[in-house]
Amino acid sequence: MFVLCNQNKELVSYRAINRPDITDTEMETVMDTIVDSLFCFFVTLGAVPIIRCSRGTAAEMVAVKLDKKLRENLRDARNSLFTGDTLGAGQFSFQRPLLVLVDRNIDLATPLHHTWTYQALVHDVLDFHLNRVNLEESSGVENSPAGARPKRKNKKSYDLTPVDKFWQKHKGSPFPEVAESVQQELESYRAQEDEVKRLKSIMGLEGEDEGAISMLSDNTAKLTSAVSSLPELLEKKRLIDLHTNVATAVLEHIKARKLDVYFEYEEKIMSKTTLDKSLLDIISDPDAGTPEDKMRLFLIYYISAQQAPSEADLEQYKKALTDAGCNLNPLQYIKQWKAFAKMASAPASYGNTTTKPMGLLSRVMNTGSQFVMEGVKNLVLKQQNLPVTRILDNLMEMKSNPETDDYRYFDPKMLRGNDSSVPRNKNPFQEAIVFVVGGGNYIEYQNLVDYIKGKQGKHILYGCSELFNATQFIKQLSQLGQK
């Protein structure tokens with residue numbers, strides 16, 4: 001996964017690209033920034049991609065400019081950055097990769113969706129940036145001459161990196177599974193710790209008899225191996241503490257905001273399943289979530305609905321949202337976007353449209369666990385391909401599908417750039433880069449990771465112009481919706 005422009009990401013944000021008052025020259029600047037970054041990315045990879053993109057979107061503007069830039073660089077053989085040396089060295093040596101450029105507007109519901117996997121939840125509810133999560137912990141009342149002061153917040157930072165085996169293994173797992181795994185790790189650690197303690201106490205054996213001495217030499221060997229595994233044990237303890245703290249912080253959010261209820265309800269909306277509770281009930285429930293949670297839920301409903309709610313219904317929803325303390329600006333923008341998108345094309349569909357239950361088990365975890373998941377549903381994730389994954393699958397496997405049949409095709413290595421949507425090569429691709437112009441998120445990334453697990457020998461890279469969570473995305477929609 002890669003992200004462009006971490007420093008001045010406002011330059012290439014969703015808002016920057018979709019501002020109604022943007023001038024042509026400003027738009028050119030935004031596109032050039034994205035194209036320059038992607039160009040550098042491909043020089044680093046040492047590969048010239050075949051580019052596919054949808055028509056009439058910002059992604060198409062990026063594709064046209066990138067094709068031109070790659071073509072100009074390849075034409076000047078002496079100064080080309082794609083020389084023979086780097087091409088062979090790259091992992092993409094035999095077959096060229098496919099670059100699929102998609103526009104954020106093809107799917108606005110996913111970035112707003114409440115999520116259920118560990119990494120995406122950490123990004124959604126905690127302060128998680130550049131693989132570092134910052135937590136606030138309160139540390140009791142301080143006794144001081146001036147009397148009892150209020151609790152002081154301690155800030156703690158944890159790095160969640162590829163070196164962390166637990167994170168690598170569980171970042172894509174559903175949250176209840178993560179809580180269970182932390183508990184198991186803790187128990188196995190305690191067992192090892194007890195063994196070291198037991199050996200130490202045996203070492204204090206009294207008496208000189210034969211049995212004691214032979215037992216001692218036997219245990220010395222054991223203790224030596226136990227001591228040599230101490231660094232490993234300490235590292236294990238550090239990771240357990242880290243994930244206990246992070247997972248506990250996430251769990252507090254889930255319980256306080258009823259995030260499991262939101263996740264389940266949104267999944268049903270997005271897969272057109274019958275709903276067991278009315279949307280108004282959730283919006284009006286003072287205990288369910290923050291105003292922002294309610295706004296996200298309603299926007300997903302509004303985006304996914306085949307037919308927009310009638311004016312009378314909409315007024316009723318608006319009133320409930322206002323009463324719940326929501327800012328209605330994002331809705332203003334989505335309304336305009338939907339009216340515009342209707343003229344352009346049909347909305348994206350999400351996975352299956354049958355009314356099968358999502359296989360949700362309201363099973364509570366064993367209560368001996370430190371993470372008391374009482375009242376939190378243990379939801380089982382159902383594998384569905386999100387729009388971005390579906391588009392990638394069609395183009396990578398060369399499937400014919402109305403959704404992607406008219407995607408433009410660019411090959412910067414062809415001498416004459418003939419604009420066509422007819423692909424030259426008919427073989428499925430082994431490597432692909434999917435890049436979202438306008439911002440991406442961990443839900444889409446995880447969906448692609450799960451998709452590629454079943455495809456042997458294939459690699460996917462997921463890139464985006466910025467990586468935002470729902471809070472940051474809502475903020476941008478709100479700014480776009482301001483009058």
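Me: Which helix gives the most to the lining of the second largest cavity?
Reply: Helix α5 does, with 3 residues. Helices here are DSSP runs (H or I, at least four residues) and strands are E runs of at least two, numbered from the N terminus. A cavity is a set of points on a 1 Å grid over the protein atoms alone where a 1.4 Å probe fits but cannot get out, and lining residues have an atom within 4 Å of a point.

Me: What kind of model is this?
Reply: This is a predicted model, in which local features need pLDDT of at least 70 and side-chain atom pairs count only at pLDDT 80 or more, while totals for chains, interfaces and linings use all residues. Residues are numbered from 1 along each chain as its sequence is written, and side-chain values use heavy atoms, with hydrogens and water left out.

Me: Which residues lie nearest the centre of that second largest cavity?
Reply: Ala-120, Asp-124, Ile-443, Asn-469 and Ala-470 do, out of 13 lining residues. Both α5 (118–125) and α16 (442–453) supply at least two residues of this lining.

Me: Moving on, is Trp-167 buried or exposed?
Reply: Trp-167 counts as buried because its relative accessibility is 2%, where buried means under 20% relative accessible area, exposed over 50% and partly exposed in between (1.4 Å probe, protein chains only). The residue lies in helix α6 (residues 165–170).

Me: What does Trp-167 touch?
Reply: Leaving aside residues up to four places away in sequence, Trp-167 touches Tyr-118, Gln-119, Phe-128, Leu-160, Thr-161 and His-243; contact means heavy atoms within 4.5 Å. Trp-167 and Tyr-118 are 49 residues apart along the chain, and their C-alpha atoms are separated by 8.8 Å.

Me: How many residues does the largest nonpolar core have?
Reply: The largest nonpolar core has 52 residues, and Tyr-118 and Leu-392 are among those with the most contacts inside it. Helix α9 (residues 230–257) contributes the largest share of this core, 7 residues. Such a core is a set of buried Ala, Val, Leu, Ile, Met, Phe, Trp, Tyr and Cys residues joined through side-chain atoms within 4.5 Å.

Me: And the sheet: in what order do the strands run?
Reply: The order is β1-β9-β8-β3-β2-β7, an open sheet of 6 strands with mixed pairing. Two strands pair if DSSP finds at least two bridges between them.

Me: Which strands stand at the edges?
Reply: β1 (2–3) and β7 (408–410) do; each has a single partner strand, so one side of each is left without a neighbour in the sheet.

Methods:
1 Å grid on protein atoms, 1.4 Å probe; cavity = no way out; pocket = protein on both sides within 12 Å on 5 of 7 lines; lining within 4 Å.
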